[in-house]
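This note concerns the aromatic rings of the structure shown below. Please read each numbered point with the model in view.

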Amino acid sequence: MTSQNEPATAALDAIRANYSLTDEQRQIVDHVDRVSREVLYPLQARMDAEEWWPDDLFKQMGELGLLGITAPEDLGGSGQNEFTQALVSEVISKWNPAVGLSHGAHDNLCLNNLLRNGSEEQVKKYVPGLCSGELVGALGLTEPGAGSDALGSMATTARRDGDDYIINGSKIYITNGPIADVVLLYAKTDKSKGAKGISAFIIETDNPGFKVAQKLDKMGFRGSPTGELVFEDCRVPASAMLGAENSGVSVVMSGLDLERAMVASVCVGMADRALELGLEYAKIREQFGKPISSFQMMQSKLAEIYTEVETARSFSYRALAACVGLPKGAGGRGEIHKLTAAACLYAGEAFNKAVTEACHIHGGSGYMQDTEINRLFRANKLLEIGAGTSEVRKIIIAEELLRA
Amino acid sequence: MNKQLRNDIDLPTHFMTDEQQALADQAGKFFFSEFHHLNAEMDDTDDLPASVFPKLGEMGYLGLNVPPEFGGAGLDFTSACIITEQLSRSSAAIGLTHVAHDNLCVNNIYRNANDDLRRKYLPGLCNGTLIGALGLTEPGAGSDALGSMRTTAKKDGDDYILNGAKIYITNGPIADLVLVYAKTSPEKGAKGISAFIVETDTPGFKVAQKLNKMGFRGSPTGELVFEDCRVPAKNMVGKLDGGVAVTMSGLDLERAIVCFNALGIAQRALDISIDYAKTRQQFGKPIASFQMVQAMLADMYTRIEAARSLSLKTVAMCEGLEEGEGGRGEIHKLTAAAIFKAAEVTSFVLDKAVQIHGGSGYMRDTEVNRLYRTGRVLEVGAGTQEVRKLIISGELLKN
């Protein structure tokens, strides 16, 4: 259809652009796709078998240009927006989910949050190291007693003491916790104020009051190190505080909106891989004298997996495009809060369905731990739990729907 | 990237341009005030009020994709889809009748017919004095519409003589003209099909019966019979035996736009469910305060927005699709996936909407029940869910 109306056509091109990629994004995606296949993909099997994280992997990722996607170029980053960061996450996760998870925790949860909320000195101090991979980042929010009710039930405290704060408490299920150099940590600075008494800190893990209590043994995403962190009279200078005192809630909530949009991309990358594996196997595997892809029941599964991948991708791109340029402190409420929660909820469910069907197409072989499809299958459950469970995502959506 | 884009587009809400949003708002208000109150009676009588087409024509909502020189609105495809959603949201039945007229018939004629035919028929179709329909499905040709087609058109001098029957034809009982597919070279199978414009006052054309549907009542559906129906050869649309390209590319666009009929219905179901959940009190408080109801609302919203994302992407990709294109490749796969998802989501949403409405949702004369009864056919018309999956897997397995 040719439009009779020129400005409308330009605007349509804009819409189309947000569902497809710019040339620059396409180049970045191609680069990330190539290095991920060459460098990260071969690491999968051993990482999964041994919960092994290669020592120099972050430095290597830094050299390959995979870190600091949203950081300014003069600090060693790529100067891209969150949309492009999500594309990078999608591609890395496709070829190595465990690296994708660690990358996301480092680059988005830690580094991007620091960029959005840190002071100029804090940014200058940490961002170059995080971009080169000299420093590994993590984010500490969840606690043994504070999961879905992360803010209300938070028990970690930071008590002012002269020019310092003294932190006590513990954090659990922290991605990169066991290998992190820098942890962006949330703690209560004013217990009487509940969620409004939370502040964010940057903790260097060589602090004598910081300990990795244990490295945890996960069913999926194995190799991406997850840990329990303990803070015992951990003394940090007041200058380690990120943003204003008691303003942690806005940092968390706006960061969580971005995180959810990002997690949607991780799901899309992995679901895309599940589709590829399912398709490949269905074409090669012969039963009853012909490829199983010739049977309608298999075709039906493949069609449904494709539809889920494309739906989740369209939705996550749309949510991400809406996140780009989100002002500091915005988010955590309104349309963007609802949209990102929904994109993440949908992508988690879509990946679950896609990987379950793709695994099913693989028959008995898909049940074997050391196959790629089985690794994806085991990874899946986390994506309906992390960054807010599906139930928390629904609570967010329902609240926004019922507000008006 | 695209920093300037954010100023152009109301991204957080609908991912549309400001202009499109304004169009949607304007159309939505007009459709609601003009048509919403007709729904109950249309459902009871299964008749379309005579005022509907003239009113749509008067307000410029016919011939959405037809250039003004032929009397149309000259809008892009995305805008047509947005208007379709708004219409469908106010009246599912009028939305269906409109899409059969405007996309299946009028847009197909505009895309594939020569200028003589365009000049002869499009102005009337665009002002509402002529009502259009499309005739593809037959009693023996549903999913296998092309292969099993038995309607024939035999050349006789300057005419073609049509014989056969078409069924489940939206607007069939009220149409002034029907775009009909018939076999001109039966021995060539799907490659021997041609498209014709048949005026319904032609001798030999008959509405065999008006059909009684469970939903979309008020949008008249019929069985059409052609008995030695003589049509001038110049009423052929596109080339002789070239009907398959017309059908298939038309079907891609049909699947893309019908996503928005589905979305309009689903969105309306969500809207009235939110209202109901907020006002209905049980155990001393609104049922919206219970998590199980909240979860249903959240799932409904999420799936609507997911389907909307894929549908919007799909129509953006259809924009600029050339005549005769489609029916294969990426766009064929994408449009099939979009309607598959939109129909699945709509069924899900309607089911939950009735659940939230409890016993009242089971009563035939409630709005939610009317919507509920429409849902089923969205998984059947314009290719069943199974045909859609065959298209997708066919493309996936091609290379």
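1. Arg303(B) lies over the face of Phe348(B), 3.8 Å from the ring centre. A charge sits over a ring if NZ of Lys or CZ of Arg is within 6 Å of the ring centre and within 35 degrees of the ring normal. In chain A, the charged end of Arg46(A) is placed over the ring of Trp52(A), at 3.7 Å from its centre.

2. This is a predicted model, in which local features need pLDDT of at least 70 and side-chain atom pairs count only at pLDDT 80 or more, while totals for chains, interfaces and linings use all residues. Residues are numbered from 1 along each chain as its sequence is written, chains are lettered from A and ligands numbered from 1 in the order in which they are written, and side-chain values use heavy atoms, with hydrogens and water left out.

3. Over all chains there are 16 aromatic pairs (rings of Phe, Tyr and Trp, the last by its six-membered ring, with centres within 6.5 Å; planes under 30 degrees apart are stacked, over 60 edge-to-face, the rest tilted). One of them joins Phe210(A) and Phe231(A), edge-to-face, with 5.5 Å centre to centre and 70° between the planes.

4. Phe210(A) is buried, at 9% relative accessible area, and Phe231(A) is buried at 1% (buried means under 20%, exposed over 50%, partly exposed in between, with a 1.4 Å probe and protein chains only).

5. Phe283(B) and Phe290(B) also form an edge-to-face pair, with 5.9 Å centre to centre and 80° between the planes. Phe283(B) is exposed at 77% relative accessible area, whereas Phe290(B) is partly exposed at 27%.
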